[in-house]
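Here are a few notes from going through this one. Have the structure open as you read.

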Amino acid sequence: MEVKVNSTTIRSFSIYSNTLPNDFLLDVAKAWRLLNATFKTESTERTYYQHITRWLRFLADRPNHPALSYIGQDNGSLAEEYLAWQNLLTEYRNDIFDTFFQEDQLKTRNNQLMGVRKLLEYLAYTKTIPHGLVLRGWKDKQRLGQSSTFLSNDFYRLINRSKNDLQKLVDSIDDNDVSLDEDVITLIKNALENTEEDFDFNPVSLVISSLQNRKIQLKYQAASDYIAYIDSTNQAKKWAEDLEISACADKFHKTMLSNVDAHTKMHLYDEALGGCATSVLVNYLIRYNEGRLLLNTDSRYSLFWLPDRMSRYNYNRDHIRRYLGCSNYGMVCAFAFIMLETNANTTSVWGLKEDDLIDLDKKSFQLNWTKKRQRGHEAKYKKLPMRIDELAPQTLTVRDVFLHQIECREKFLNDVIPRDRNFLFLQWHKNNVKISINKRVYAPTRPSLEFFNRIFKKLCKKASGGAWETTPKAIRGSALLLTGLVTRDATAVMIEGQHTSLEMGKRYTYHYPEVWQQDKEIRLFLNWYQALFTVDIEGFAEKIGIDPILYNENKEFALEQRQKEAQNAINQQFGGIHCIDPTAGAQPGTKAGSVCNKVDKCPTCKQRRGVFVTSINNLANVIQWHEVLVQLNQTLSDNDFYKWRVWHVFTTLILDTFSKDPTHARLMRKAQEKAALTQNSYASLIPVAEVNI
């Protein structure tokens with residue numbers, strides 16, 4: 001039984017004949033020949049042969065396993081034979097896991113099973129083993145960012161359950177087998193504690209709260225860390241001008257170049273670096289190397305990063321990179337912050353150029369970017385207000401971040417390869433940059449999107465305390481989904497995403513998982529949205545293959561509803577949200593014919609109109625209501641404030657949107673004036689017994 005791989009004779013399967021049945025080995029050889037005929041490359045042949053011989057060695061170590069006793073037997077129990085072989089395969093799977101047990105070896109573990117799986121198919125075909133045996137692999141832990149938002153698929157599946165079912169699930173969760181992120185579990189537990197009946201448990205409010213919480217966490221962390229980055233580079237400038245530190249840097253420079261004995265040299269290094277090595281080395285690089293890091297081709301490189309010296313004087317690369325403005329983590333914070341402020345695509349922010357920021361006047365600036373389309377590129381922009389207050393995480397602007405990135409790259413800009421020189425984001429160095437077919441250079445360049453994705457996870461873990469991580473791509477999807485859920489305004493989603501039509505908003509509306517569409521109210525909501533989005537597309541129903549009669553009914557309903565909303569928009573509203581009929585008795589605890597007083601339910605109520613009316617009166621109402629909510633948030637406990645959280649998200653999002661858009665500056669100013677001059681009646685409208693003000 002010789003087996004050839006790459007035309008080389010390899011030791012035959014018969015080496016296992018001392019411990020494995022000959023009939024079995026003959027069948028294995030036969031199955032191998034059949035499998036071998038399917039290979040297209042020699043590398044696949046060799047790889048599968050290695051997998052199979054490993055499996056045979058495993059079997060040879062277990063000659064008395066019950067599964068092998070069925071070889072050549074036709075009168076045994078098929079069920080028992082199947083169970084014996086399945087147990088054997090499970091043992092082999094465990095053996096693979098024990099060998100490759102580290103988290104980063106998941107791909108290796110799965111690869112080790114490929115050749116064995118294929119051989120099992122042919123062994124079943126030759127009736128050597130039972131059909132239907134399963135050799136399972138391992139799935140990667142569900143991570144955020146695999147979808148288009150901050151939330152995992154597990155989250156969506158669980159929140160659709162009833163209150164009682166969810167309570168049972170939460171009660172039975174084992175800390176070692178949690179399929180949800182820790183912050184989501186806490187949020188669901190909070191929701192369960194604050195709802196009495198199933199009808200009070202609203203999945204939409206949970207989604208809104210989760211998206212908003214994670215967006216706030218991420219933005220605050222990115223802003224805080226980037227301000228710390230700005231402070232570090234400013235500190236470096238002060239160190240460079242400090243005479244005492246400069247003297248130490250000069251001494252360090254002379255010591256590196258001197259030829260004195262080791263003992264004397266150590267004493268001189270102690271004098272130069274003993275006070276604060278980081279400040280001295282930063283000063284040294286600014287004054288002796290134009291503020292740039294040393295390349296590994298520099299003769300000083302090994303002296304600078306000598307491990308014993310770094311340990312003795314307590315300095316490291318990351319700290320010095322940060323002070324010199326070459327921090328990879330700082331760059332990713334800038335990248336994330338710009339995305340969070342603009343909701344631009346990842347590729348658009350990645351492709352920002354040095355001239356994409358324009359100061360319009362003393363009050364506003366404009367950020368330009370390019371959005372890739374199937375048929376070319378499209379120019380986009382967003383106008384944002386200038387910072388007028390002192391720099392802080394809450395006041396940081398895209399302009400602050402942009403200009404600091406420009407400043408950071410100035411020192412090495414001349415070394416950047418020409419094709420990358422105009423980009424905003426530049427990495428200090430990258431090995432072997434390809435500049436032509438046969439030529440590579442060692443030079444600064446624009447980092448890849450994979451680079452941003454990798455370090456972005458570090459930002460997420462820091463922002464969430466290790467509770468979750470995601471990818472930059474999810475920022476935009478989360479923001480647009482949040483806008484759609486909070487405003488219920490298709491136009492708002494279109495404006496926020498800078499789409500050219502309402503049709504694009506359908507992608508974010510349909511982010512609701514399929515299981516949600518089984519709910520009658522959600523399904524009606526989606527049908528109405530579909531009709532609204534496509535109301536001007538001729539022959540839409542026929543084009544996508546849906547029932548044209550049902551579609552036309554939805555279309556007529558959408559048009560009629562839109563007309564009613566336009567006519568009655570100013571009436572029947574609370575806090576900026578308009579009600580179709582406040583006397584419909586839609587909420588539990590209210591009666592038809594009586595005005596609804598369950599105002600905490602408005603953001604997710606089925607009677608809510610699918611539009612936010614942009615008017616002075618409406619914005620003034622939002623401003624006044626927001627003031628009351630801020631007071632409630634400061635006054636009430638987290639549990640008592642829970643029922644008002646979605647309202648707080650709504651008013652915050654609306655006011656942030658209008659405040660940061662200079663095109664609405666006049667409208668916002670007039671709304672603020674009206675709110676200030678009008679008595680705020682929202683506090684008195686909230687039942688005192690409910691909120692305990």
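1. One term before we start: two residues are in contact when they have heavy atoms within 4.5 Å. Bear in mind too that this is a predicted model.

2. Take the H1/H4 pair. From H1, the residues Asp-27, Val-28, Ala-31, Trp-32, Leu-34 and Leu-35 meet Lys-118, Leu-119, Tyr-122, Leu-123 and Tyr-125 of H4. Sorted by class, this contact has 9 nonpolar, no polar and 2 charged residues.

3. Now the geometry of that pair. H1 covers residues 22–36 and H4 covers residues 106–125; they pack at an angle of about 115°, and their axes are 9 Å apart. Since 65 to 115 degrees counts as roughly perpendicular, that makes H1 roughly perpendicular to H4. The crossing of H1 past H4 is right-handed.

4. On to the cores. The largest nonpolar core has 85 residues, and Leu-218, Ile-338, Phe-425 and Trp-647 are the ones touching the most other members.

5. Leaving out residues up to four places away in sequence, Trp-647 touches Phe-574, Gly-575, Ile-577, Val-599, Asp-600, Cys-602, Pro-603, Trp-625 and Leu-629.

6. Last one: is Arg-409 buried or exposed? Arg-409 sits in helix H17, residues 398–409. Its relative accessibility is 3%, so Arg-409 counts as buried, the cut-off being under 20%. Apart from neighbours within four places in sequence, Arg-409 contacts Glu-354, Arg-421, Asn-422, Phe-423, Leu-424 and Leu-426.

Notes:
Residues are numbered from 1 along each chain as its sequence is written. This is a predicted model: local features need pLDDT of at least 70, side-chain atom pairs count only at pLDDT 80 or more; totals for chains, interfaces and linings use all residues. Side-chain values use heavy atoms; hydrogens and water are left out. Axes are lines fitted to C-alpha atoms, for helices over the stretch in contact, and angles run from 0 to 180 degrees between N-to-C directions. Helices (H or I, at least four residues) and strands (E, at least two) are DSSP runs, numbered from the N terminus. Angles under 35 degrees count as roughly parallel, over 145 as roughly antiparallel, 65 to 115 as roughly perpendicular and the rest as oblique. A crossing is left-handed if the near helix is turned anticlockwise from the far one by less than a right angle, and right-handed if clockwise. Ala, Val, Leu, Ile, Met, Phe, Trp, Tyr, Cys and Pro count as nonpolar, Asp, Glu, Lys and Arg as charged, and the others, Gly among them, as polar. A nonpolar core is a set of buried Ala, Val, Leu, Ile, Met, Phe, Trp, Tyr and Cys residues joined through side-chain atoms within 4.5 Å. Buried means under 20% relative accessible area, exposed over 50%, partly exposed in between (1.4 Å probe, protein chains only).
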